[in-house]
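Here is a short note for a colleague who is opening this structure for the first time. Please keep the model in view while reading the points.

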Amino acid sequence: MKENAVLELHNIYKTFPGVKALQNVDFTLCEGEIHALMGENGAGKSTLIKVITGVYEKEEGTIYLKGNEGEAHIHSPQDAQNLGISTVYQEITLCPNLTVAENMFIGRTKGSITNWKKMNEDADKILKSLDIPAKATQQLATCSLAVQQMVAIARAVDMDCKVLILDEPTSSLDDSEVRKLFGLMNDLKSKGVGIIFVTHFLDQVYEVCDKITVLRDGKLVGEYEIENLPRVELVSKMLGKELDDLSDIKEESVVYEDKGDEVPVFEAKGLQSDAGIKPFDFFIRKGEVNGFTGLLGSGRSECVRAIFGADRVIKGKVKKNGKEVKISKPLDAMKQGIAYLPEDRKVDGIVGDLSVRENIILAAQVLRGFFKPFSKAETYKLADEYIKLLDIKTASADTPIKSLSGGNQQKVIVARWLLMHPEYLILDEPTRGIDVGTKVDIQKLVLKLASEGMSITFISSETDEMLRTCSRLVVMRDRKVVGELSGDELTQSGIMKTIAGGKQEEIAESSEEGGESVG
């Protein structure tokens, strides 16, 4: 092991049926270091964490821990805990009905009699040493989310912790709570604890971390000192795109032009929901295809969910064709001619036990009202029309949708919303997890619908796809809008630079800090 290393992984492999989740991955964590583990969805971060914590067993490779003779064998989370590896997950796994002290010591007291006085005194001592603003005897439910996270960390650290893994600990915290958490992390760092920090917030990585390890497609991209990796290069490494890698702009759609006085089909001012996004402005014109882009967790989906009323809107105003309207729930949006294909078709899209026909007519029936049902003949006619239009591969309209392929399930959900004849269609990851041929079909359909006058917002984690379909992109970072691109700005490089720094001046500053040019 390296002299100051507390954890070393060499040549780690892990596979699942049909998926190489980790391939020859190395990772080193040093004492008194905050080390960011970065990568997009499917990069292998979660799998690597689960190998370290014993949730998964590696198939090949070696793990070494400081103070442990020879190779460390981790077959379960209990093994990891016994070796000094503690994990605090995004979702707080404590008991809100118990006291702070009870949560810190639950499962760790021996015998049937608990010395409550000693337990509370020990808990207060730990809380004070870590500067956590809580008392041992107060109920955990009365603490803020940030303090609850800190209590979870205090419990982990008190168990002879050498390695602390924080998996998206700030996703539910506001700015002031994040500051408190970072203070605790720096305090633990000064005590020699090695911290692995998993997050999608770039600003937070550059504020609190010493090193960054980047994974992509289950492989190690590299390990970098924070000062040697400007943000724009980090984004490039995560996405696997070089800064000068230009993408072909779509040929079939019209390049966006600002027509000044044309009334937008939909417009939002200062819109904010309870999902944690910062207030944002947005508009879309008739026949335009625009999109929200940014890294996973940037707030892309939260923005369109706010537009559709799928998340509770707490601030802002919206207009439809220049007239102010109130959208507080999806039905309000549907009545305004807005349709939304959600990111997760399995959870929010299909109704698995219903037939293809029933899934197609579902939104139209909701809009019409369940006391005015379509006749059976009408439902077959409509379903057959859209099955043919979208070339949905199904034995019949009565086939259960759960028996269809992912791509054909997605087409059924698209058919559901097209049946409403919406004026404005929102597509969130419409091509995720489907074959290339179906992806092309959906992209062509988007451009065809736009040419016929429909306004479409398109979201995809594949920037190539965004560039092929969209004429204007709203760029997100850390749950806020940081830029807007159109025309000649619509390139891979333009997107990455905007994600990395927002405004051009910020990009220049971050480049100077990193000692390198971003071009």
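1. Two terms come first. Contact means heavy atoms within 4.5 Å. Helices (H or I, at least four residues) and strands (E, at least two) are DSSP runs, numbered from the N terminus.

2. A word on the source. This is a predicted model, in which local features need pLDDT of at least 70 and side-chain atom pairs count only at pLDDT 80 or more, while totals for chains, interfaces and linings use all residues. Residues are numbered from 1 along each chain as its sequence is written, and side-chain values use heavy atoms, with hydrogens and water left out.

3. Overall make-up. The protein has 18 helices and 19 strands. Of its 519 residues, 53% are buried. Buried means under 20% relative accessible area, exposed over 50%, and partly exposed in between (1.4 Å probe, protein chains only). Among contacts with a separation of 6 or more, 66% join residues 24 or more positions apart. The accessible surface is about 23,600 Å², and carbon and sulfur atoms hold 49% of that surface. Such areas come from the Shrake-Rupley method with a 1.4 Å probe; for residues, only the protein chains shown count as cover.

4. Helix H8. This helix spans residues 231-239, and eight of its nine residues are buried. The buried ones are Arg231, Val232, Glu233, Leu234, Val235, Ser236, Met238 and Leu239. Which elements cover them? They include strand S3 (34-38), helix H7 (202-208), strand S8 (211-216) and helix H17 (492-501). Gly240 follows H8, and its phi is positive, near 75°.

5. A cavity is found on a 1 Å grid over the protein atoms alone, as a set of points where a 1.4 Å probe fits but cannot get out; lining residues have an atom within 4 Å of a point. Grid points are joined across faces, edges and corners, and a volume is the space filled by probe spheres set on the points. There are two cavities of 30 Å³ or more.

6. Val414, Leu425, Leu427, Ile442, Leu445, Val446 and Leu449 line it. The lining has seven nonpolar residues, no polar and no charged. Strand S16 (424-428) and helix H15 (436-451) each supply at least two lining residues. H15 gives the most, with four.

7. Thr62. This residue sits in strand S4 (residues 60-65). Is Thr62 buried or partly exposed? Thr62 counts as partly exposed because its relative accessible area is 22%. Beyond neighbours within four places in sequence, Thr62 contacts Glu8, Leu9, His10, Ile12 and Glu71.

8. Cysteines. The structure holds zero disulfides (pairs of cysteine sulfur atoms within 2.5 Å). Cys30 counts as buried because its relative accessibility is 3%. Cys209 also counts as buried, at 6%.

How values were computed
On a 1 Å grid over the protein atoms alone, a cavity is a set of points where a 1.4 Å probe fits but cannot get out, and a pocket is an open set with protein on both sides within 12 Å along at least five of seven lines; lining residues have an atom within 4 Å of a point. Ala, Val, Leu, Ile, Met, Phe, Trp, Tyr, Cys and Pro count as nonpolar, Asp, Glu, Lys and Arg as charged, and the others, Gly among them, as polar.
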